[in-house]
Amino acid sequence: MTRYQLFINNEWLDPNSGRWFPSEDPFSGEAWAEIPRGDAVDADRAVAAAANAFNGPWSRMSASERGMLLYKLGSLIERDAQKLAEIESRDNGKLIGDVLGQVRYMAKYFYYYGGLADKIQGHVVPMDKPKVFNYIRYEPMGVVVSITAWNSSLSLTTWKMAPALCAGNTIICKPSEYTSASLFELAKLTVEAGFPPGVFNVVTGFGAEVAEPLVRHPNVQRIAFTGGDEAGRKIYMMAAEGFKRVSLELGGKSPNIVFDDADMDQAVHGALSGVFSATGQTCVAGSRLLLQESIHDEFLQRIVDITKGAKIGDPADPKSQIGPITTKPQFDKVMRYIDIARQDGARCVAGGHALSGPGYGAGQFVEPTIFAGVTNDMRIAQEEVFGPVLSVLKFRDEEDAVRIANDIRFGLAAAVWTQSLHRAMFMTERLRAGTVWVNNYRSSSYTSPFGGFKDSGVGREGGIEAVREYMEPKSVWISTDLKMANPFGAK
Ligand code: NAD
């Protein structure tokens, strides 16, 4: 059993509460690490450290020096990718190969934002007034708090941390209570890379006990959140009280739309990997498959046949294709939605059961499940399951596909499978989602902004834009010969 400590000001500290809670391996069900149970006192300590660093050594560093540190951190992550991936996979139950790929890619985020640090330029404003020079500086906001979900602790944190530090802020990371361990390992690498004390801090525990005090803290300027909409809404409202800047990456129920002229082999693969990758536990899961009427039956049969052959098992076994559900409450939620779908009249054509017994560890497994005959008013078409459950709907033509796809409160992602340029262009313009893929699914990159329309979120992560989301523009006016008039007349 590994006992972790809070990471504040480059020091390892016991939590104020003197309490720890277990982190469990979702496959075996066994507790393997003890996570410090942080509270408001720990939140205060972390904010003080982050604020001191922001006002002290960190702000005196040049942007190039900051960039070099980020770059160094990226190279350490690459060096230790296997170790980081094993720890994260042990906590979230994702397939080891997938997590390893994510961790290696995470290093590239640090290279990208490391390189960008000294290229964030302000600009001179063409002025309508004489004898004055006006320019815009972009300045860091101060202390950033990152609060993240359990599905990809390291990546979700990286998406916030890399641009926030690139911009010159300091950061406190509060990972999910289910998957905290990997961030402590990341903290060790920030020390090795040479980050000054207080620039990066990890405070763990439960939302109400430690994340809320962080969000409400008067010396925190910016909140970056990934998680469910219930917590997201609370955080948005708490942050509003202090007029804090916020980004929210929330849920989705993304339409994956297949037209009759698509390359069917590609579309079949895209439909399956779109929803069953990461055992469906990704915010961009293509969990609503919209099939054009003329290809519906044949396409459905193909995905059902393939799904029935999926290899389900230990995420540490490289041959496994579907792993366990990460948490017990999430497992219960997935099973509940399978019941709801059946009760609402959807037809279960693949899977639909929990799996236990030899090879299934503690039994937190759900078969990859496909529901046919789904209509868009059913709960299984409208609500996020966050598990390996696919809803299949039929559509007539482009207009019908757009109507169904957009008739939902979410707007995170969408995909279109067609060989017609006209159709592709029409659909990409009409779909209300932050990301639209054509003839591919789940592609993402540090170079391109990611985020949601509608209830899927606020703000963007990734790309150059993300750095601006961690900066305030400052308008500076310099007189070249501007004479000030005496407001009370000549004396
Ligand atoms: P969650 O909202 O329960 O928890 C997320 C984080 O918020 C955790 O660290 C938790 O401790 C914290 N939290 C909970 N209540 C809080 C409160 N009152 N105040 C402050 N912090 C609080 O989400 P989850 O169950 O961990 O993750 C699943 C959800 O995350 C899904 O809805 C999924 O769609 C979403 N998600 C979104 C993206 C995206 O980029 N859009 C990516 C991954 C996951």
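The ligand is surrounded by 29 residues, where a residue counts as near if one of its heavy atoms lies within 4 Å of the molecule. The closest are T148, E177, G228, L250 and E384. The model is predicted, so local features need pLDDT of at least 70 and side-chain atom pairs count only at pLDDT 80 or more, while totals for chains, interfaces and linings use all residues. Residues are numbered from 1 along each chain as its sequence is written, and side-chain values use heavy atoms, with hydrogens and water left out.

| Residue atom | Ligand atom | Distance |
|---|---|---|
| E177, polar side-chain atom | oxygen | 2.6 Å |
| G228, backbone N or O atom | oxygen | 2.8 Å |
| L250, polar backbone atom | nitrogen | 2.6 Å |

The protein chain has two parts, domain 1 (2-250 + 456-476) and domain 2 (255-438), with bounds from an automatic or database domain assignment. Their centres, taken over C-alpha atoms, are 31 Å apart. Domain 1 gives 20 residues to the contact and domain 2 gives 30 residues, contact meaning heavy atoms within 4.5 Å. About 1900 Å² is buried between the two domains, and carbon and sulfur atoms give 61% of this area. Buried area is the accessible area (1.4 Å probe) that two parts lose on being put together, summed over both.

What joins the two domains by charge? There is one salt bridge between domain 1 and domain 2, a salt bridge being a side-chain nitrogen of Lys or Arg within 4 Å of a carboxyl oxygen of Asp or Glu. Across the interface there are also seven residue pairs in polar contact, both residues at pLDDT 80 or more. On the side of domain 1 that touches domain 2, α4 (81-92) and α5 (96-116) each give two or more residues. The largest share, three residues, comes from α4.

In one of them, R3 pairs with E34, and the closest N and O atoms are 2.9 Å apart. R3 lies in strand β1 (residues 2-3) and E34 in strand β5 (residues 31-36), so the pair ties together parts that are 31 residues apart in sequence. Helices (H or I, at least four residues) and strands (E, at least two) are DSSP runs, numbered from the N terminus.

Conventions: A polar contact is a pair of N or O atoms within 3.5 Å; within protein, one must be able to donate a hydrogen and the other to accept it, and residues adjacent in sequence count only if both atoms are side-chain atoms.
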